[in-house]
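Trainee: Please walk me through this model. I want to learn how to read its features.

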Amino acid sequence: MEPPGPISKRRRTDSGELEAGESPPVAAEASEVPNPQPTAPPSPPSDEGGGGGDGVDYISGLPDTILGEIIALLSTRDAARVQTLASRWRHIWRAAPLNLDGGELPDADEALAGAVSRILADHPGPGLRFCIPSHLVVNHPATVDAWLRSPALDGLQELDFSWSRFEWSRREPPPSTFRFAATLREATFCQLDLPDATVDALHFPRLTHLALRHSSMSKRSLHTMISSSTCPVLECLLLEDCYGCRRLRVTSNSLRSIAVSAQCHAGKPRLKEVILVNAPSLERFLYISINEAINVSVIIAPKLETLGCLDDELDSSRLVFGTTVLQGFLVVSLTTVVRSVKILALKSLYIKLDTIIDLMKCFPCLEKLYIKSCVSGQEMNRWRRKHKDFIKCSDIRLKTIVLEQYQGIRSQVNFASFFLLNARELELMTLEVESEDYNEEFFAEQHRMLQMEKKASKGARLHFTANGCQRFLMHVDHIRDLSITDPFECRC
């Protein structure tokens with residue numbers, strides 16, 4: 001910082017647990033198909049299922065080790081289907097690391113439990129990924145514990161108790177949950193109570209991605225969980241609606257991305273403050289599904305480039321960089337500028353040019369700006385006289401601007417034209433419009449109203465997308481999403 005400048009039915013036992021009995025393996029059902037001897041000479045090789053246009057089957061010619069790596073990357077359903085190709089594929093499936101995603105299996109608890117039990121019984125291991133809905137962990141812990149003890153999951157690298165139902169019950173994790181601590185690289189723990197004694201005994205030497213969702217732990221346990229002694233190579237951390245810790249202090253040499261979420265639930269202490277004490281590798285700090293203010297103080301985070309989505313409806317939320325203070329979108333104190341931030345996402349009731357210019361003064365090296373706003377209000381965003389000094393003295397470095405809910409009303413036109421006519425490095429402005437406006441006539445009218453012929457950057461392009469294509473990161477689908485350099489960029 002510098003000074004400012006210009007996520008076969010089974011029987012139930014008496015205890016209510018789903019019984020993991022013997023049943024024909026799921027994979028076997030697809031592969032044990034009679035293979036009669038041909039009565040006529042075989043047909044020439046087909047290009048269906050693995051060959052090029054010349055009719056050669058290149059896939060079957062690959063070594064089993066490579067085919068095993070391919071199967072391990074397939075979804076659970078697709079990995080079962082490939083076994084219908086030939087008996088060789090069943091052998092390859094059993095030899096490849098197991099990728100078992102309960103989200104691709106039947107929804108009903110008994111059918112899902114039966115499928116999981118059969119797959120685990122039929123595969124010798126090792127395990128690559130094991131994903132099951134969190135309500136099974138809560139409602140059937142003994143069944144889940146038996147699954148986790150299966151040899152098919154030995155050496156597991158990804159464990160995912162994914163959020164499945166809108167229920168707030170939680171329980172302590174099954175005893176065998178952490179037997180994979182030495183090999184896990186990604187972990188999502190949802191709807192769990194994590195006692196201090198459990199967390200104190202943990203050590204994840206290879207864990208790079210950790211998500212804690214709708215779970216409860218003390219302040220001490222949370223700090224222990226993310227410490228370098230417990231997770232020495234942790235890179236991505238997601239804290240979604242967790243309870244028990246109001247203030248989090250982050251000291252980590254390895255963390256590169258943090259995402260936090262705070263929802264209000266009566267009687268449950270929630271996260272209210274995050275202090276980045278020493279995070280020399282941190283590149284992204286994201287607010288997701290926020291409906292309660294979270295204060296963030298940045299002490300040491302020199303590589304922090306991506307920030308958002310900031311919401312001006314939460315005007316009690318404070319963002320502090322040293323002695324520079326933002327209250328909502330309002331720059332309360334600007335004694336130092338923050339040159340590291342290059343990507344900023346904002347959600348606002350109204351689109352206000354004055355506010356954006358103040359934020360640009362705070363973050364003078366911004367290259368990408370994402371704005372989602374309503375279109376009502378009296379703000380006209382006139383700028384030619386009001387901001388002439390800023391235009392003369394400031395170097396606008398923005399290369400990409402995305403405006404959601406664009407309707408071409410005067411305030412939006414004035415706002416967009418300010419950047420088109422003054423940002424000399426602008427490369428792309430994307431306008432998300434309603435479906436009724438997604439037509440050539442509307443596009444041509446906007447080119448005229450925005451005076452594209454007078455654009456400051458010769459290479460600047462105007463791009464239109466239909467409503468719903470562009471999406472802000474209001475939730476995280478999976479912990480791996482935190483590794484994306486620009487999580488706000490359209491991935492349609």
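Mentor: Start with a strand pair. Strand 16 and strand 17 (residues 368-373) run parallel and are joined by six bridges. Two strands count as paired if DSSP finds at least two bridges between them. Helices (H or I, at least four residues) and strands (E, at least two) are DSSP runs, numbered from the N terminus.

Trainee: What should I know about the model itself?

Mentor: This is a predicted model: local features need pLDDT of at least 70, side-chain atom pairs count only at pLDDT 80 or more, and totals for chains, interfaces and linings use all residues. Residues are numbered from 1 along each chain as its sequence is written, and side-chain values use heavy atoms, leaving out hydrogens and water.

Trainee: Which residue stands opposite alanine 345 in strand 17?

Mentor: Tyrosine 370. Strand 16 also has a partner in strand 12 (residues 306-311); those two run parallel, with four bridges. There, leucine 310 stands opposite leucine 346 of strand 16.

Trainee: How is a crossover's hand read?

Mentor: Point the strands away from you. If the path from the first strand over the helix to the second runs clockwise, the crossover is right-handed. Here strand 16, helix 10 (residues 353-362) and strand 17 make a right-handed β-α-β unit.

Trainee: How many of the six residues of strand 16 are buried?

Mentor: Buried means under 20% relative accessible area, exposed over 50%, and partly exposed in between (1.4 Å probe, protein chains only). Strand 16 (residues 343-348) has five buried residues of six. Across the protein chain, 51% of the 492 residues are buried.

Trainee: Why is helix 5 called largely enclosed?

Mentor: Eleven of its 14 residues are buried, so the rest of the structure largely encloses helix 5. Among them are Leu112, Val116, Arg118 and Asp122.

Trainee: How do I check a helix's length?
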